[in-house]
Amino acid sequence: MTVESVKPGASPTAGPRVPPVAGGGVPLLGHGWKLVRDPLAFMTRLRDHGDVVRLRLGPKTVYAVTTPALTGALALSPDYIIAGPLWESLEDLLGKEGVATANGPLHRRQRRTIQPAFRLDAIPGYGPIMEEEAHALTERWASGQIVDCTSESFRVAVRVAARCLLRSRLMDERAERLCAALSTVFRGMYRRMVVPLGPLYKLPFPANREFNRALADLHLLVDEIVAERRASGQKPDDLLTALLEAKDDNGDPIGEQEIHDQVVAILTPGSETIASAIMSLLQVLAAHPEHGDKVCDEVEAVTGGRPVAFQDIHRLSHTCNVVVETMRLHPSVWILTRRAVTDTELGGYRIPAGTDIIYSPYAIQRDPKSYERHLEFDPDRWRPERSKDIPKYAMRPFSVGNRKCPGDHFSMAMLTLITATLAARYRFERVAGSDDAVRIGITLHPNRLLLRSITR
Ligand code: HEM
């Protein structure tokens, strides 16, 4: 059965129903133009049309899920996999054998290999690097300086991920190259995913040349890092060692291509998402100075004035709530997709095999049915006495189920430490020329955020 073969309104009472078509489609393009023109508003309004709705994107029908409970059910169900045109274009650019696009037994094996590097008890081992990188920012940013938040956030995110997970003698120099390559690749990748113009991207325009150079350098850098580790004969306890020692289901070492693709598949989501979250946090600290002051007070109460350390994180509860509330209103990952592998059902709606389904953590996390004063920045809503009333799956910026982000504990530790370090040292002011508008790409972040850092 294909998605298109489902007749609207079939068996309305007996058995699962066919989801309604969302309103607002236009002939030929369907809902596509709205999704492209203003994706966040479009995804947010879908909840008014039903819990599961059908969208027409050109000739294709895609389903959208709009309630927290059903997004949880979708992410937890074995009836759906990662697949679809967006993922295929991602594989073309980043490689076909990485964990982010694998499914079934290969995905399970790959998750088993990488998981130890991300377990809760592995995170303190990254503490010294996270501390060093967070404090390095306070040495880089002089009082009164204008901080280009995009490049600075990207830089620290790449450095921490690369230094923690792929320890290397030369990582300082490599991290700078990785950073330059990844930021260019990310800028061009979203366009290639949503506007698949195929051969046009091969034409020798400056933007295409820059993108291709950056992509080639990213792959070259990963090869260099792997080759250097092999040549060193060293086996530090890190993700790269886990990948180099990994065995396939027959007990044989995994292939070179898989090692390469795995490093790329972990570094790319691991830098862009955190960088976007840091940009949003800086934006929030500038927009809500009272919360910056409160974070600063909390840090002082916990540290007594010494530099904030990794071990302090678990006592910085308000700081953590600022991070969580920022991720609620400004989630790095704003859209997720799945494909049904079998005829199935979701929330009483029939889902035919082959259906592509989308949902938006951005829309779910701003739903007034889940959150009082849903658009207000209110970190205290995460205090235990209040957060118990928030519906399950209404706040899952790292997703749930077998595709849940392996980097969740890593990210929360790093974001809390960076927020504490920066808010304890600076107040942030907006400056002329800063463009705070949201930039929609593979992740969400402010377009070009410029802030003045003023030492407290
Ligand atoms: C997957 C969010 C940081 C590595 C995911 C997914 C989400 C997510 C929502 C699930 C995608 C899906 O369900 O289809 C985030 C956010 C982060 C973050 C919001 C930080 C603010 C990281 C870091 C790493 C990482 C630091 C690694 C260094 C991955 C990988 C996957 C993934 C490898 C694919 C997992 C799989 O398919 O099994 N991330 N992530 N992420 N993330 Fe993260």
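User: Which residues line the second largest cavity?
Analyst: Met 43, Thr 44, Leu 46, Arg 47, Val 65, Thr 66, Tyr 359, Ser 360, Ala 363, Ile 364 and Asp 367 line the second largest cavity. A lining residue has an atom within 4 Å of a cavity point, and a cavity is a set of points, on a 1 Å grid over the protein atoms alone, where a 1.4 Å probe fits but cannot get out. This is a predicted model, where local features need pLDDT of at least 70 and side-chain atom pairs count only at pLDDT 80 or more, while totals for chains, interfaces and linings use all residues. Residues are numbered from 1 along each chain as its sequence is written, and side-chain values use heavy atoms, with hydrogens and water left out.

User: What volume does the second largest cavity have?
Analyst: About 70 Å³, taken as the space filled by probe spheres set on the grid points, which are joined across faces, edges and corners.

User: Which elements each supply at least two residues of that lining?
Analyst: α2 (39–45) and α14 do. Helices here are DSSP runs (H or I, at least four residues) and strands are too (E, at least two), numbered from the N terminus.

User: OK, and how many cavities of 30 Å³ or more are there?
Analyst: The search of the whole structure finds 3. The largest cavity holds about 90 Å³ of space.

User: Which element gives the most to the lining of the largest cavity?
Analyst: α3, with 3 residues. Its lining includes Thr 71, Gly 72, Ala 75, Tyr 359, Ile 364 and Ser 399. By class, that lining has 7 nonpolar, 4 polar and 1 charged residues; Ala, Val, Leu, Ile, Met, Phe, Trp, Tyr, Cys and Pro count as nonpolar, Asp, Glu, Lys and Arg as charged, and the others, Gly among them, as polar.

User: Switching to the ligand: which residues come nearest?
Analyst: His 107, Arg 111, Arg 338, Arg 403 and Cys 405, out of 27 residues around the ligand, where a residue counts if one of its heavy atoms lies within 4 Å.

User: Which element gives the most to the shell around the ligand?
Analyst: α11, with 7 residues.

Technical notes. On a 1 Å grid over the protein atoms alone, a cavity is a set of points where a 1.4 Å probe fits but cannot get out, and a pocket is an open set with protein on both sides within 12 Å along at least five of seven lines; lining residues have an atom within 4 Å of a point.
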